[in-house]
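Here are my notes on the model you sent. Please read them with the structure open beside you.

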Amino acid sequence: MLVVLISCVAKKKKVPSPANEMYVSPLFKGAYRYAQKLGADKIFILSAKYGLLEEDDIIEPYNETLNDKTQEDVKKWAISVIQKLNTHSDIQNDFFVLLAGERYRKYLLSDLNNCSIPLKGMPIGKQLAFYKENNNV
């Protein structure tokens, strides 16, 4: 099974919404379209506040990021994400594509046997260009 993990972004709707509609930045929209184009069997959103979100989870707007958290808090967040991910996928055998920044993926990688980070090391501008080129927008 192909599973794509996309990190949350700061720009959000101001009303409760499904997770896949909450995040309105071009970066998130590009990542989401790319995940769909890949033919992902499952797409999850990595939320600093809510942890692992399914696409249709209804969430409240929030202003929280892992960038403001201590390493210990990020590790605890990652453990809870892996625990939930383990109930929705086979973390030993599924293939994961991580469309998430370093802070969001750092403590997840050791638990995922098969994964790819196609935008690793790319600044935001290059990521946006990648999505534009690969989504035929």
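Predicted model: local features only at pLDDT ≥ 70, side-chain atom pairs only at ≥ 80, totals over all residues.

The points below go from the whole chain down to single residues.

1. **Fold elements.** The protein chain has five helices and seven strands.

2. **Overall size.** The C-alpha atoms fill a box of roughly 35 × 35 × 25 Å, taken along the principal axes. Is the chain compact or extended for its length? A compact globule of 137 residues would have a radius of gyration near 14 Å. The protein chain has 14 Å, so it agrees with that estimate.

3. Of the 137 residues, 42% count as buried. The accessible surface of the chain comes to about 7,300 Å². Carbon and sulfur atoms account for 50% of that surface.

4. **Charges.** The protein chain carries 19 positive and 16 negative side chains. The centres of these two sets lie 8 Å apart.

5. **Cysteines.** How many disulfides does the structure hold? The count is zero. A disulfide is a covalent bond between the sulfur atoms of two cysteines. Cysteine 8 is in no disulfide, and its nearest cysteine sulfur, that of cysteine 115, is 19 Å away. Cysteine 115 is in no disulfide either. Cysteine 8 counts as buried because its relative accessibility is 9%, under the 20% cut-off. Cysteine 115 has a relative accessible area of 29%, so it is partly exposed.

6. **The start of the chain.** Where is methionine 1 placed? Methionine 1 sits in the segment before β1 (2-7). With 42% relative accessibility, methionine 1 counts as partly exposed. Now look across the sequence. Methionine 1 and aspartate 94 are 93 residues apart in sequence. In space, their C-alpha atoms are 5.0 Å apart. Which residues does methionine 1 contact, leaving aside neighbours within four places in sequence? They are Asp41, Lys42, His88, Ser89, Asp94 and Phe95. Find these residues in the structure and check the picture for yourself.

Conventions. Residues numbered from 1 in each chain as written. Heavy atoms only, no water. Helix = DSSP H or I, 4+ residues; strand = E, 2+ residues; numbered from the N terminus. Rg over C-alpha atoms; globule rule 2.2 N^0.38 Å. Buried < 20%, exposed > 50% of the residue type's maximum accessible area, 1.4 Å probe, protein only. Areas by Shrake-Rupley, 256 points an atom, 1.4 Å probe, with all protein chains shown as cover. Lys, Arg positive; Asp, Glu negative; His and termini not counted. Charge placed at Lys NZ, Arg CZ, Asp CG, Glu CD. Disulfide = S-S within 2.5 Å. Contact = heavy atoms within 4.5 Å.
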